[in-house]
Amino acid sequence: MKRITVLIKPASSLCNMRCAYCFYSDVSASREIPSYGIMQRETARAIIKNIFAGLVSGDEITIAFQGGEPTLAGLNFYTDFTAAVDELSAGIQVKYTLQTNGLLLNESFIDFLKSREFLVGLSLDGPVAVHNQNRVDNKENGTYGRVIRAKKLLDAKDVPYNILCVLTAESTRHVRRLWDFILAEKIGYVQFIPCLEPLDGIKSGAALTPERFYRFYSELFPLWQAAAEKGRYVSVKLFEDLAVLFIKGQAGSCGLAGGCSPQIVVEADGSVYPCDFYVLDRYKLADLTKMTLKQTFEAVIHSDFLQSEQYSANKCGNCRYYPWCRGGCKRMKRAVYSGKNGNCGFKDFLDERLDALLKFIVV
């Protein structure tokens with residue numbers, strides 16, 4: 001039985017927001033064609049056909065829609081896409097996820113997401129002042145009110161969702177404020193995403209540093225633990241991923257265990273890339289409108305991107321965590337693993353909190 005995830009960008013890099021730290025805007029600006037526009041129906045049908053040509057009864061596939069902003073493709077795109085999947089997926093378990101900024105989520109869209117059992121990832125950086133500092137629309141107006149409206153609709157319709165919260169150098173200074181907001185809004189699942197420097201390495205005032213990464217999670221852990229002990233458990237993705245990694249030896253997130261695991265990232269024209277952080281011309285590996293899923297996966301796993309040595313054990317010295325993290329995700333190196341003084345935010349946090357974490361979480 002195969003379990004596969006295919007990440008699709010139906011609106012390419014198009015977005016109705018202008019977030020100051022957007023990593024995909026940075027990526028797409030480095031390509032010859034910054035945006036491939038909205039995925040055409042013929043392209044979607046060809047992709048679907050080639051995906052399911054490589055699957056058999058009993059297999060499981062997750063189709064994850066991201067962007068840019070994927071809802072710009074329109075509700076009709078998703079109704080047509082899922083209907084086409086239904087025609088070819090007999091005996092195959094299909095799961096859908098959608099990562100969105102929430103601005104276009106209305107009742108009709110959310111009713112559809114519920115009917116097709118989508119898991120939604122909603123981008124929300126915290127209370128209004130924190131969120132609006134970076135997450136603005138194309139007129140530079142804050143988007144907090146519209147995102148909260150989308151959250152309340154998801155709550156009302158009982159659609160499952162995770163909150164995706166970008167950690168900037170500034171927002172990590174407000175741990176208590178962020179945590180109180182999470183509890184007040186009754187958020188059950190949250191993933192904190194490190195804000196990254198641009199690909200060209202130019203310093204960014206918003207980008208996370210290993211020092212700030214450590215301080216944030218070090219301060220967050222006792223707040224999280226205290227709330228859980230009082231019956232208010234919040235799923236913090238990093239904490240749960242660490243427990244699974246150190247107890248079961250399984251990486252719940254790409255890059256958490258070092259190196260690069262194979263990904264199939266599909267742009268709006270059908271082109272395939274090995275990593276969402278590197279959807280760049282030089283890493284284009286295949287065309288899913290012309291190749292089966294099996295052929296595409298083989299192109300990814302045999303690519304120079306995955307085969308190249310990313311790290312040397314020497315750089316980590318005798319760190320006791322190296323057998324698990326192996327130096328970490330190369331794109332998050334400067335944000336998490338390699339500080340200006342040679343320190344590692346990941347190691348510093350684990351030194352301080354891992355034992356308590358493993359005693360507290362049961363996996």
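Begin by selecting helix H2: at 1.5 Å a residue its twelve residues should span 16 Å, and the end C-alpha atoms are 17 Å apart, which agrees. The expected span used here is 1.5 Å times one less than the number of residues in the helix, while helices (H or I, at least four residues) and strands (E, at least two) are DSSP runs numbered from the N terminus. This is a predicted model, in which local features need pLDDT of at least 70 and side-chain atom pairs count only at pLDDT 80 or more, whereas totals for chains, interfaces and linings use all residues. Residues are numbered from 1 along each chain as its sequence is written, and side-chain values use heavy atoms, with hydrogens and water left out.

**Around H2**

Keep H2 selected and colour its buried residues, which are Thr43, Ala44, Ile47, Ile48, Asn50, Ile51 and Phe52. Buried means under 20% relative accessible area, exposed means over 50%, and partly exposed lies in between (1.4 Å probe, protein chains only). If you then show their surroundings, you will find that the buried residues of H2 pack against strand S1 (3-8), strand S2 (60-65), H3, strand S3 (93-100), strand S8 (264-266) and helix H10 (293-301).

Axes are lines fitted to C-alpha atoms, for helices over the stretch in contact, and angles run from 0 to 180 degrees between N-to-C directions. To see the side chains involved, select Arg41, Ala44, Arg45, Ile48, Lys49 and Phe52 in H2, which meet Phe77, Asp80, Phe81, Ala84, Val85, Glu87 and Leu88 in H3; contact means heavy atoms within 4.5 Å.

Stay for a moment on leucine 88, which lies in helix H3 and, at 41% relative accessibility, counts as partly exposed. Leaving aside neighbours within four places in sequence, leucine 88 is in contact with Ile48, Lys49 and Phe52. The C-alpha atoms of leucine 88 and lysine 49 are separated by 7.5 Å, although the two residues are 39 apart along the chain.

**Backbone stops**

Go to the peptide bond from glycine 67 to glycine 68, which is cis, with omega near 10°; glycine 68 is in the loop between S2 and H3. Then select glutamate 117, in the loop between H4 and strand S4 (119-123), where phi is positive, about 55°, although the residue is not a glycine. Glutamate 117 is exposed, with a relative accessible area of 67%. Aspartate 158, in the loop between helix H6 (144-157) and strand S5 (161-167), also has a positive phi, near 60°, and at 58% relative accessibility counts as exposed.

Select helix H7 (residues 175-184) together with H8, whose axes come within 10 Å and cross at roughly 35°. The contact is made by Val175, Arg176, Leu178, Trp179 and Leu183 of H7 and Phe216, Glu219, Leu220, Leu223, Trp224 and Ala227 of H8. H8 is mostly covered, with 14 of its 20 residues buried, and is followed by glycine 231, whose phi is positive, near 90°.

Finish with cysteine 165: how far is its sulfur from the closest cysteine sulfur? The distance is 11 Å, to cysteine 195, too far for a bond, and a search of the whole structure finds zero disulfides, a disulfide being a pair of cysteine sulfur atoms within 2.5 Å. Cysteine 165 counts as buried at 4% relative accessibility.
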